[in-house]
Amino acid sequence: MATVGNSTNIFWQESPIGRLERQKLLNQKGCVVWITGLSGSGKSTLAFSVNKELYSRGKLSYILDGDNLRHGLNKNLCFSAEDRTENIRRVGEVAKLFADAGLICIASLISPYRKDRDACRAMLPDSNFIEVFMNMPLELCEARDPKGLYKLARAGKIKGFTGIDDPYEPPLNCEIEIKQKDGVCPTPNAMAGQVVSYLEEEGYLHF
Ligand SMILES: Nc1ncnc2c1ncn2[C@@H]1O[C@H](COP(=O)(O)OS(=O)(=O)O)[C@@H](OP(=O)(O)O)[C@H]1O
Ligand SMILES: Nc1ncnc2c1ncn2[C@@H]1O[C@H](COP(=O)(O)OP(=O)(O)O)[C@@H](O)[C@H]1O
């Protein structure tokens with residue numbers, strides 16, 4: 001009798017067409033590009049830009065954006081520590097499926113807790129988890145404030161806002177760090193270039 005989680009009598013079903021066949025078909029290697037950082041740090045902007053650049057090179061990628069997933073898959077979750085952990089766990093599992101499908105899955109979530117991001121990394125075989133840290137100062141994110149959420153958080157109208165009255169734990173060993181140079185943020189194209197060059201160098205863009 002096999003037991004997994006809360007289920008019993010379940011057995012893994014292996015398909016004759018596997019990850020290698022799909023990767024060969026797509027001429028790329030499945031992986032997860034996990035973008036983490038404060039609200040307003042540029043996660044979605046980077047995700048869109050990488051997606052576009054890969055598309056122009058004939059490579060298939062798909063974005064899992066935290067904000068968007070909270071409209072569906074994760075609509076029953078709030079921003080408590082427990083719910084953020086569950087949010088990241090679910091997205092990690094979905095990202096793993098996309099990578100197994102042979103796609104370059106771009107996950108873009110605040111993902112404030114190191115242990116949650118590490119748990120997603122541990123789900124992926126052969127170090128196919130590329131953690132990208134949007135290392136932008138809180139002051140910059142707050143000055144951008146495109147949704148007006150920092151303003152509400154400062155006014156006490158949103159409780160538990162990341163960076164204001166809720167923690168963000170920066171990565172210790174990320175694959176890619178995006179940061180300002182001489183006080184200037186790289187352009188979206190330059191940020192995407194950093195990620196796409198990494199994927200190219202590590203052999204993800206060919207089978
Ligand atoms: N309390 C609180 N803290 C942080 N963010 C908040 C909060 N309430 C709402 N929002 C909005 O939700 C977006 C973050 O969702 P995520 O799923 O990425 O968050 S998390 O990874 O579970 O921490 C985040 O989107 P981004 O600005 O794109 O990061 C916010 O718009
Ligand atoms: N590299 C960049 N240069 C200039 N502005 C940027 C850059 N990246 C993001 N922005 C702007 O900052 C704001 C927040 O970006 P966004 O991608 O929505 O962040 P996040 O997804 O982390 O909340 C947006 O108004 C966006 O246009």
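1. In this predicted model, a backbone N or O atom of proline 186 lies 2.8 Å from a nitrogen atom of ligand 2. Taken alone, ligand 2 exposes 560 Å², of which the protein buries 72% (areas by the Shrake-Rupley method with a 1.4 Å probe; for residues, only the protein chains shown count as cover).

2. An oxygen atom of ligand 2 is 2.7 Å from a backbone N or O atom of glycine 40, and an oxygen atom of the ligand lies 2.5 Å from an N or O atom in the side chain of threonine 45.

3. The buried residues of H2 are Lys43, Leu46, Ala47, Ser49, Val50 and Leu54, where buried means under 20% relative accessible area, exposed over 50%, and partly exposed in between, with a 1.4 Å probe and protein chains only. Just after H2, glycine 58 takes a positive phi of about 80°.

4. Lysine 181 sits in the loop between strand E7 (176–179) and helix H8 (188–201), and it counts as exposed because its relative accessibility is 56%.

5. Residues are numbered from 1 along each chain as its sequence is written, while chains are lettered from A and ligands numbered from 1 in the order in which they are written. Local features need pLDDT of at least 70, side-chain atom pairs count only at pLDDT 80 or more, and totals for chains, interfaces and linings use all residues, while side-chain values use heavy atoms, with hydrogens and water left out.

Key: Helix = DSSP H or I, 4+ residues; strand = E, 2+ residues; numbered from the N terminus. Polar contact = N/O pair within 3.5 Å; in protein donor to acceptor, adjacent residues only side chain to side chain.
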